[in-house]
Each structure stands twice: as C-alpha cells, then as structure tokens.
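Good morning, and thank you for the time on today's agenda.

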Amino acid sequence: MLLRHASLQKPEMETELKGSFMELRKVLFELNVKDASLLSMAWALLRWHDAHQFCSRSGQPTKKNMAGSKRVCPSNKIIYYPQMAPVVITLLSDGTRCLLARQSSFPKGMYSALAGFCDIGESQEEAVRREVAEEVGLEVERLQYSASQHWPFPNSSLMIACHASVKPGQTEIQVNLRELEAAAWFSLDEVAATLKRKGPYIHQQDGTFPFWLPPKLAIAHQLIKEWVEKHSCSSLPA
C-alpha cells in the first residue's frame, strides 16, 4: 500500500496503514525464521550506515553503493564493509544439570545461557573459558560448537553457540554481580517442563514471575533444547 504523503509522522502512518509500530526486538520473536532474518539484516545495515557516514581517516563523508553493502570515502578510496562483533554464548552442564543466568535487563523471570564478547586476539575456545570463569567462577573441562546466529542488537553480533561441561565435583557458583543478577543450576526436569510450557509469562499471586526461557527464535533456546533432548529419551516439539 502506497502512502499518499511521504512525510507522514508516526501517528498518521499508523492511521494510514491501520496498524501500530512495535519494538523490533519483540517483533522478531513473533515472526517466522525467514522474515525475522530479513528484518534482522535490514535493521543491522541501517544502523551500520547511520554510524559510518564519515571516514575515520579523512573525516570526509562516505558514500554507499547502490546495494548498500559498503561505503567508500571519495577522497582516499577506503572501502568500509559492515562488520559483526563475535559473541560466545555457552550452555554449561555438570552432566545432570545446566547452568542458566540472568542479567537485570532481562524480562522478569527469564534465564538464559552465559554470553559475552570475544576479546581482541582470543579464539572462540579461549573466550568461552574466560567468560565462564569471569561470570560464574567455574572452569570449563570440555566444550563443543553447536551453531551460530546473527543478532542485530545492539550493534550487530555473530552469536557463536557452544555446549560446555565442568567436572561434577567442581560446581560451586560464584556469581559476578557486576555482570549478572543471578545464576543457578537447573535440573533436567525443570528445564524440560519450562520448554513445554506455553502461554504468556505473567507474575504470580505473590508478585514473583515464573522461571522461563528465551523464545524459540533465540539461539539460546536452541542450545537448551539440544541439551534436554540429549539427556532425555523423547524429543521436544519444534
């Protein structure tokens, strides 16, 4: 549907299109994988172009190509390409339980896998071991790569998902409260039941929120589902 006026403000656009704008971070979890991927890429490119309008060496305005896949400085011909920051996201297990944590910025009641940016010069494995040690004070014994996912917030990251294990006798958590609000070990039954639970997550009568996990589109959800399926006899619904 074409708008009659290109300069319509948000309220007028919502009236014209008979809809309303929503925060992209929330919308992504309501879309199918294909549409979510396209929106994710579009958002990341728009943010990148907005932040790279000037050349870091000459200070001159850069120009984007027709496809929007790069920007060029006319004065020195330096080409700038969109980049993603590597982030390791790790589901830690002691064999019978998995460790989940939450930050204060998370929705109430939601726990997820540990995550952190890779430092300059670090390998994926080194970043996993450092992040686990920094955030919960545990030493990784083994780790295994699972999958990766582009995540556009806040400034485009490549999420590198791994499973990791600790020795059964070395499971005492030391939560880094500068990084996390809370962290705890969860049993297979607890996590499996939460994965199967459907419906909105609203606070209970005592004011608390039930324990819940990241939505299906999030790679953290995939990690947790893989762990549950590996340690149980039955597969979970897709």
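**The largest pocket**

The largest pocket holds about 1100 Å³ of space. Of the 37 residues lining the largest pocket, Arg-25, Gln-103, Phe-106, Met-110 and Trp-151 are the closest to its centre. A pocket here is an open set of points on a 1 Å grid over the protein atoms alone, where a 1.4 Å probe fits, with protein on both sides within 12 Å along at least five of seven lines; lining residues have an atom within 4 Å of a point. The volume is the space filled by probe spheres set on the points, which are joined across faces, edges and corners.

Before I continue, a word on the model. It is a predicted model, in which local features need pLDDT of at least 70 and side-chain atom pairs count only at pLDDT 80 or more, while totals for chains, interfaces and linings use all residues. Residues are numbered from 1 along each chain as its sequence is written, and side-chain values use heavy atoms, with hydrogens and water left out.

Which element gives the most to the lining of the largest pocket? Strand E6 does, with four residues. Helices (H or I, at least four residues) and strands (E, at least two) are DSSP runs, numbered from the N terminus. By class, the lining has 22 nonpolar, six polar and nine charged residues. Nonpolar covers Ala, Val, Leu, Ile, Met, Phe, Trp, Tyr, Cys and Pro; charged covers Asp, Glu, Lys and Arg; the others, Gly among them, are polar.

**The interior**

In the protein as a whole, there are six helices and nine strands. Of its 238 residues, 37% count as buried, that is, under 20% relative accessible area with a 1.4 Å probe, protein chains only.

The largest nonpolar core has 28 residues, of which Ile-89, Leu-91, Leu-100 and Val-191 touch the most other members. Such a core is a set of buried Ala, Val, Leu, Ile, Met, Phe, Trp, Tyr and Cys residues joined through side-chain atoms within 4.5 Å. Helix H6 gives the most to this core, with six residues. A second, separate core of 18 residues includes Ala-101, Leu-114, Ala-127 and Cys-162.

Finally, consider Thr-194, in helix H5. Is Thr-194 buried or exposed? Thr-194 is buried, with a relative accessible area of 5%. Beyond its neighbours within four places in sequence, Thr-194 is in contact (heavy atoms within 4.5 Å) with Phe-211, Trp-212 and Leu-213.

Conventions:
Buried means under 20% relative accessible area, exposed over 50%, partly exposed in between (1.4 Å probe, protein chains only).
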